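User: I have a new model open and would like to go through it with you, one spot at a time. Could you start with the ring contacts?

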Amino acid sequence: SAQVQQSSIYAILVLLSRLQPNLLAESGNLSAQPFIPLVSQCASAPNLMVREISARALASLLPTTDVLTFIDSLLSAIPNQTKGFSHNHLHGVLLQIKHIIRSHVKSLSSTDFQALKEKLNNKFPSILWLISPTNKCPPLSALTFETLHFLKTVDLLNQNDWKSVYENAIEILRKRERVALPHSVVMHTELLQQACNIVLSTILETGYSLDSHNSSQTEILIELLSHPLYEVRKITLKSILKYVTQETNSPNTADTINTSNASNTADTTLTLEYQLLQAHLVTMIYNETHHTCIKRVLRLLPLLPLPLIFGEGEKNISTRLAALRANPTVKECAIVFSGFYIDRLFNGLAHANDLFKFQKLEVFSNWINLISQNSVSSSSLGARLSCAKAILAAHSVLEKKIPNLDWVTVSTWIVVIRLLQDDDES
């Protein structure tokens, strides 16, 4: 890759990708037209970086008035069969289609836009094999998924065609044999990430889910959260976190949230089964090994519109949070989450048996140790801010009086006073 970046062709392509053809045309004597066929030939380059930068350069050089004709020629270059073609050339053609449309779609007239949409949808049936689970070239499948996803966002792909894209993405994610050796196939991880993006955008943005296994929308999300590839779990958590945050801030949240386990049968309405989702997220606190995924789980759980429920058979979650504080990547999220956890416990202490159970498990001792050790002046500013957020979340500890737990309230107030005395100017 370093050799390619230092080569003359790469430098020339980088320069061409930054030109503005409209300004050249206005000068009268200069034109980018002679470069277009030369740059277009780079679609067959054996190096991925050359194909990528040449596609960007071509998008910059091509006038908007020539987009329809040029896209038509590129679509004609896509074979209708799985054999007898150059994978590099086809990958380069797809890159050119993606970058040209992305660069010019906003400049097209309404007539040209509709004409382009018709061309793309007429070609769609003959490119389905590129995203089929039987396609053994992950770079082609990944790029096709990415391109189709973009076409959908700019309304250049019909809804009926999108169903086929969604079904293929689901099937690829479920093929465990493709997950077994993720590093043995080039861009295998990229393919699964693009397929995951397709499924998530379909479920979370449109509320649509068509599944041959008759799985509900929430069950499909849980499948993704259970995927052996951590990148898939990370993307899924990020998307759910974004969706739940938007729903929480929406004035119509009460009309769209379903806290039961009854799934919604409407194709275009998303109703998350939050109890199922919460139960799986709780298991991820104990079982998840990737730090970013754990952080997103800890951020997501308090946002769900129902009480935190950890089940009678669950391990002591406060012990797990205490263990996570040793991890500098997760520590701050663990501290903040502990505040939500303690607040829910305080509000749920209705019987003496419950009180005895929690005292025996030393839940509150772990809480006090966690915020006491991380609120001292020698702790990082991020840790001290996290303690403040945790105490704010655990406001019940400061407001309610529960027999035999006065020491928890007093200890929490001591930490509050310590934070108020913090003279850190930042």
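User: Where does R102 lie relative to F150?

Analyst: R102 lies over the face of F150, at 4.7 Å from the ring centre, where a charge counts as over a ring if NZ of Lys or CZ of Arg is within 6 Å of the ring centre and within 35 degrees of the ring normal. Please keep in mind that this is a predicted model, in which local features need pLDDT of at least 70 and side-chain atom pairs count only at pLDDT 80 or more, while totals for chains, interfaces and linings use all residues. Residues are numbered from 1 along each chain as its sequence is written, and side-chain values use heavy atoms, with hydrogens and water left out.

User: And which ring does K152 lie over?

Analyst: K152 lies over the face of W162, and the distance from the ring centre is 5.1 Å.

User: How many aromatic pairs turn up in the whole structure?

Analyst: The search finds one. F85 and W129 form an edge-to-face pair, with 5.4 Å centre to centre and 65° between the planes; rings of Phe, Tyr and Trp (its six-membered ring) pair if their centres lie within 6.5 Å, and planes under 30 degrees apart count as stacked, over 60 as edge-to-face and the rest as tilted.

User: Which parts does that pair tie together?

Analyst: F85 is in the loop between α6 (67-76) and α7 (87-104), and W129 is in the loop between α8 (110-123) and α9 (138-153), so the pair ties together parts that are 44 residues apart in sequence. Helices here are DSSP runs of H or I with at least four residues, strands are runs of E with at least two, and both are numbered from the N terminus.

User: Is W129 buried or exposed?

Analyst: W129 counts as buried because its relative accessibility is 13%, given that buried means under 20% relative accessible area, exposed over 50% and partly exposed in between, with a 1.4 Å probe and protein chains only.

User: Switching to helices, at what angle do α6 and α8 pack?

Analyst: The angle between α6 and α8 is about 5°, and their axes are 11 Å apart, the axes being lines fitted to C-alpha atoms over the stretch in contact, with angles running from 0 to 180 degrees between N-to-C directions. That makes α6 roughly parallel to α8; angles under 35 degrees count as roughly parallel, over 145 as roughly antiparallel, 65 to 115 as roughly perpendicular and the rest as oblique.

User: Which residues meet there?

Analyst: L68, I71, D72 and L75 in α6 meet residues of α8 that include D112, A115, L116 and K119, with contact meaning heavy atoms within 4.5 Å.

User: What about α13 and α15?

Analyst: Helix α13 (residues 230-249) packs against helix α15 (residues 274-287) at about 135°, with axes 14 Å apart, and the two are therefore oblique to each other. From α13, L237, I240, Y243 and V244 meet Y274, L277, L281 and M284 in α15.

User: Which contacts does C196 have?

Analyst: C196, which lies in helix α11 (residues 188-206), is in contact with L173, L224, V232, I235 and T236, leaving aside its neighbours within four places in sequence. C196 is buried, with a relative accessible area of 0%.
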